[in-house]
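Let's take a walk through this structure together, one piece at a time.

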Amino acid sequence: MIAELGHFALVLAMMVAIAQSIVPMIGAYQNNIPWMRFGNHSAMGQFLLVAISFGCLMHAYVTSDFSVLNVVQNSHSAKPMLYKISGVWGNHEGSMLLWVLILAIFGAAVAAFGQYLPPALKARALSVQAMIAVGFYLFIILTSNPFERVFPPAVDGQDLNPLLQDPGLAIHPPMLYLGYVGFSMAFSFAIAALIEGRVDAAWARWVRPWTLAAWGFLTGGIALGSWWAYYELGWGGFWFWDPVENASFMPWLIGTALLHSCIVVEKRDTMKAWTVFLAILAFSFSLLGTFLVRSGVLTSVHAFATDPERGVFILILLLIVVGGSLALYAWRAPQLRSTGLFQPISREGALLLNNLLMGTAAGVVLLGTLYPLFIDAISDGQDKISVGPPFFNAVFIPLMTPMIVAMAIGPLLPWKRGDLGKALKTLWLSFALAILCGLATWTLQSGQSPWGIVGVAIASWLIIGTLTEVAGRIRLFKIPVGDSVRRFINLPRASWGMTLAHLGLAMTVAGVTGAGAWTVERVQSMAPGDTVQVSGYDFRFDGAEQKQGPNYLATEGKFTVTKNGNFVTVLYPEKRTYTVRQMATTEAGIHTLISGDLYGVIGDSKSDGSYVTRIYFNPLVVWMWIGAISMMIGSGLSLSDRRYRVGAPTRTSSSTQQPQAAE
Amino acid sequence: MKRLIFILPLLGFLLIGGYLAVGLTLDPQRLPSLIEGKPVPEFDLPPLAGRDDVGFSSDDLKSEVSMVNVFGSWCVACRVEHPFLMKIKKNDWVPIYGIDWRETDREAGPAWLRRFGDPYTLVGDDPKSKAAIAFGVTGAPETFIVDKAGIVRYKFVGPITEQSWDETLKPLIDQLRQGSGG
């Protein structure tokens, strides 16, 4: 009964979405206020209906209703409650329902918080949002119904894929989807602007918060996924350039570019057509990601169950949404006029450079991801190849290095026309310290990897450069320290946001560099009592014992780690066998230090009572996670800046009180 | 001329869309296999515990068209595939040779075959992945079609189903049988 209610609510939501995609759009053409307002009510209604539908599916999972096929395939009565709940989106059908739920949440948020939006723009944006929704409702109802019943009901379920039974992965998909789907809002505003033929500072000010929110969630989602891969897959790695990872990384790159180009539109009234293009692109990449994961055109470690019928449907959807919007763009974008003049050496010039490098990076990732497919299509399936990390590293590092160098300089340049010499002079300290850190690295690592040196140098350059910018803002040592502190506290939140996000990226670069260039790995077979030394730490294997989890059996190993005879920590890596699916998973034992992670994995036992073990020292990894958190906090702070809260994007800007407005 | 710049994204996308459409029509289970077209690698596996045969070596594959199936008692997908292998055996469509891969317990493989039936002409025990690595096995089940001359002609990933047998494997086997040795 509850499952049918969920199904019914979903169909109703689709009906509402169909109405919402038509009525406000016509209202905007005829300047008919009630028809435009219909969009507000329908967006709320849609949200309620999808929330009911989602709640029904969740109810089926929580109560282990094994008459619902989806629950049978992905749950089990002995599964811990957390994973019963996360099981709702741990499968194709449920994750699509989460997708439309988030789409509806964003629509409702625009309806609720967009009271200052120009009514016609709002009506059109909500209408476009509803058109996307209709496509996805149809997809769910026609090809991926999560409420399908089985008769007779199953006695028990087949359990969720054990790899997904993990607290990190329980919240990874919702975060990622909040990011993906968040870009739909920027997309809807972009299409609405193209229809109206007008993009101005107010428009940019409306698009930016949605993009910021989406970007922050996406950053979190990607970081969580990467963290999960790090401790759960037990390979010591965190990023594999897998198609699914790339699918989330491309929208992130384009989203980063969009975030920055919106500032240019807002402040300088230029780069309009480009910004609209980025908004379309960011969401297109999100859709492409959805397509790649679910259609089975590319094989991947963690693809969903693939089904060509669904693939065809998503491809058609992709063609309509992306093809349609790009056609509209080709038709309307030439009419978007920019008024601002453009000097290459200026804040906007630096932001444009960011855009170009981010765009190129996304293009490269796209090429690397789809290349196997191109070869496949040309050679008629004869030689499937895959493009591996060497390709991505070879093209990515040269692209990111100039970007990070420019990232320290850009915020120091004024709008309109800057003085590069003056900016560089301010950065003497960063330059000196970057060289110093690079040299120190070179001495310490005795010349193994040139990239390690470059990575450390640019990370320290960016950290000091960003701090220099803050010091300049608060006029540190130029006015009394007390005044500086007051300025520091009163800095606009958007400026805090930028600082934290840029510092976050620098820390992430440091972490990636450390783990990429200097990871030490030892694989050996150890009997209880054996000791192995890795990077100056002694790992003593104290044996392993069997443990019984709620729905798995585990072999838990114990490593006592000492350094020069002093106790450091005890690691408890596990090897679990999930009883229902007979699948084994690895839980690495990790102890995090500022300098790096001590990482132990226990493998198969041998007949003589010893175990195959892998011990890693992964330098600086923790900085990746701290960096990602810092970027997320940065986007949150920027989002809470008063110029967004004060809402009305009017000319009487409140920035007079804050002469050093954000970014 | 300036308009052209704004049309370019659309053209670029249509190109990508075309490739995606072609990609959809291809079978994602066809993974790269370096072994296709090459002779069967040299290997000599011992028999399973309790089975009184002679083990399984590369020389066994050089007389007729045959199928080499990699399985393990730990592998759930192999259970799914197993009834169809029994059907092939019963109808004597093609001889199936087995590689019992990565058993941690020497008794587990034989027990599995006793319980569900034994479709294999010969089975080799491969706990240390000696033959599996030589074949380039990425997971179980995986099946290789070998021609009369002992050359690997096809690698099939995942469980064999009625459909994949009718559409892919059987036509290939028929074709190899008609050919003069490959």
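In this predicted model, helix α5 (residues 92–113) of chain A packs against α7(A) at an angle of about 50 degrees, and their axes are 9 Å apart. If you look at how they pass, you will find a right-handed crossing of α5(A) with α7(A).

Which residues of the two helices meet here? From α5(A) come A:Ser95, A:Leu98, A:Trp99, A:Ile102, A:Leu103, A:Phe106 and A:Val110, and they meet A:Pro173, A:Pro174, A:Tyr177, A:Leu178, A:Val181, A:Gly182, A:Ser184 and A:Met185 in α7(A).

Helix α6 (residues 119–143) of chain A and helix α7 (residues 167–196) of chain A have axes that come within 8 Å and cross at roughly 125 degrees. α6(A) and α7(A) are therefore oblique to each other, and α6(A) passes α7(A) in a right-handed crossing. On the α6(A) side, the contact includes A:Ala120, A:Leu121 and A:Arg124, while on the α7(A) side A:Ser184, A:Ser188 and A:Phe189 are among the residues involved. In the contact of α6(A) with α7(A), you can count nine nonpolar, three polar and two charged residues.

Let's step back and see how chain A is divided. Its domain assignment gives domain 1 (1–160), domain 2 (170–182 + 189–337 + 344–407), domain 3 (408–518 + 625–632) and domain 4 (520–622). Where domain 2 of chain A meets domain 3 of chain A, 21 residues of domain 2 are in contact with 22 residues of domain 3. On the domain 2 side of chain A, at least two residues each come from α8 (201–232), α9 (243–268), α12 (347–378) and α13 (389–409). Which helix gives the most to this side of domain 2 of chain A? That is α13(A), with six residues. The side of domain 2 of chain A that touches domain 3 of chain A has 11 nonpolar, six polar and four charged residues.

Strands come next. In chain A, four of them form an open sheet in the order β1-β10-β9-β8, with antiparallel pairing. β1 (520–526) and β8 (589–593) of chain A stand at the edges with a single partner strand each, so one side of each has no neighbour in the sheet. From one strand to the next, the twist averages 15 degrees. Strand β9 (residues 596–605) and strand β10 (residues 611–619) of chain A pair in the antiparallel sense over eight bridges, and A:Tyr599 has A:Tyr616 in β10(A) as its bridge partner.

Finally, move to chain B, where five strands form an open sheet in the order β5-β4-β3-β6-β7 with mixed pairing. Here β5 (122–126) and β7 (152–157) of chain B are at the edges; each has a single partner strand, so one side of each is left without a neighbour in the sheet. Neighbouring strands of this sheet are turned by 20 degrees against each other on average, direction ignored. Look for strand β3 (residues 66–71) and strand β6 (residues 142–146) of chain B, which run antiparallel and are joined by five bridges. There, B:Asn69 stands opposite B:Thr143 in β6(B).

Note on methods. Residues are numbered from 1 along each chain as its sequence is written. Chains are lettered from A and ligands numbered from 1 in the order in which they are written. This is a predicted model: local features need pLDDT of at least 70, side-chain atom pairs count only at pLDDT 80 or more; totals for chains, interfaces and linings use all residues. Axes are lines fitted to C-alpha atoms, for helices over the stretch in contact, and angles run from 0 to 180 degrees between N-to-C directions. Helices (H or I, at least four residues) and strands (E, at least two) are DSSP runs, numbered from the N terminus. Angles under 35 degrees count as roughly parallel, over 145 as roughly antiparallel, 65 to 115 as roughly perpendicular and the rest as oblique. A crossing is left-handed if the near helix is turned anticlockwise from the far one by less than a right angle, and right-handed if clockwise. Two residues are in contact if their C-beta atoms, placed from the backbone, lie within 7 Å. Ala, Val, Leu, Ile, Met, Phe, Trp, Tyr, Cys and Pro count as nonpolar, Asp, Glu, Lys and Arg as charged, and the others, Gly among them, as polar. Two strands pair if DSSP finds at least two bridges between them. Domain bounds come from an automatic or database domain assignment.
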